[in-house]
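Please follow this walk through the model, which begins at the ligand, moves on to a pair of packed helices and ends with backbone geometry.

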Amino acid sequence: MPAGCSTLPERALTSKLNPRSMSFDDLAADLAALDADNLLRQRRTLESAQSARVVVDGRDYVAFCSNDYLGLAADPRLIEAACEGARTSGVGAGASHLILGHTSAHYRLEIALAQFIHMPRALLFSTGYMANIGAVTALVRRHDDVFADKLNHASLNDAVLLSRANFRRYAHVDLAALERLLAASSARRKLVITDAVFSMDGDIAPVPALLRLCERYDAWLLVDDAHGFGVLGQTGGGALEHFGVASPRIIYMATLGKAAGVAGAFVAGDEDVIDMLIQRARTYIYTTASPPLLAHALLASLEIIGRETGRRQLLASLIARLKIGIAGMRWPLMASDTAIQPLVIGSNTDVMRVSAALAEHGVLVPAIRPPTVPAGTARLRISLSAAHNEEDVTRLIDALRQVERAS
Ligand SMILES: *Cc1c(COP(=O)(O)O)cnc(C)c1O
């Protein structure tokens, strides 16, 4: 077996650390139960750069697994900017933003991000997970009301729990249900939270209608655009550009490790919102600033995102090609117009079997199981990228058809 091929060494180490005689036996039983339900998660080892064609555990594959929607994760211009950034700013930031880790590269990037999405201010975070935790816990507290779509990302749900605000979840994009909840609220502060593009379904939230409800009931609207930033909108400005909406009520969050191809995230909003986050967002304050070389790479990435509209056009044509190519299969494709194209398989066992069979054909597509998605809706999450070409998509379609025939 090639190096890094199995998870065995890791398991062997774990069992040495956890002798059977200890109460860790509970963990072994829990793990066995996950295994029995086909819910055990395993990691593959990527041995090439992230791209459409990858080397995994010593074998070549075409991969439909990344959120690198514009194919920028290994772009030579970003690599060069990161190297140059390391030469001028060093590797580590060495301190948090509020001590002395906030470099001129971070500063310039925040200005460039705010301009890019036409909002007054932007604040950088090290990851999207941290941005959501920091923003929500800084803006709401006990006795406030938070209204959240049931299919929101896990980091948003965790953020609300940590804030101790009342957590009111509404059925996926059910505006009538949301309006009933808003109308019944007498909280001091109300915050509606939504993914802009739902990460496991690929559909786009009705942001203008959500904003109208927020105006009517005097609520804030937090939009998590992890999968829209760079991809949606004429210039890649994301969901707000896509819909042509702007409002001082909107708190916008986007990640920089997906279409932007690097790492990190930002929250954008009015002056007061950002000033409050700098004072109160614990995941901003109590952590080391991200390596400034990442900010250098992101400045290069932003330029490319804004200028190279051909990447978004190519992605759109690949999405259309895939949808036509797998229409009418036994497994339904969910209604999505974005780069996230989920194929619902159903049971955990079946999704693992189909995913493994595709890998035999040299095509990697991740199987997504509960609790990431509701039970019984295990799915292949096909994600397309401007790094793919038409042959890659044809290869996926052919492999899916063969696996369908054989099963
Ligand atoms: C990926 C993702 C995040 C987390 O971003 P990271 O930078 O990967 O931590 C947050 N929200 C949504 C909707 C995401 O898809």
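Predicted model: local features only at pLDDT ≥ 70, side-chain atom pairs only at ≥ 80, totals over all residues.

Residues are numbered from 1 along each chain as its sequence is written, and side-chain values use heavy atoms, with hydrogens and water left out.

Among the polar contacts of the ligand (pairs of N or O atoms within 3.5 Å), an oxygen atom of the ligand is 2.5 Å from a side-chain N or O atom of His227, and an oxygen atom of the ligand lies 2.7 Å from a polar backbone atom of Gly128. A nitrogen atom of the ligand is 3.4 Å from a polar side-chain atom of His153.

Helix H15 (residues 348–360) packs against helix H16 (residues 390–406) at an angle of about 125 degrees, with the axes 10 Å apart; helices here are DSSP runs of H or I with at least four residues, and strands are runs of E with at least two. Val354, Ala357 and Leu358 of H15 meet Ala399, Leu400 and Val403 of H16, contact being heavy atoms within 4.5 Å.

Most peptide bonds are trans. The bond from Pro370 to Pro371, however, is cis, with omega near 5 degrees, and Pro371 is found in the loop between strands E12 (367–368) and E13 (378–383).

Definitions and conventions: Axes fitted to C-alpha atoms, helices over the stretch in contact; angles between N-to-C directions. Polar contact = N/O pair within 3.5 Å; in protein donor to acceptor, adjacent residues only side chain to side chain.
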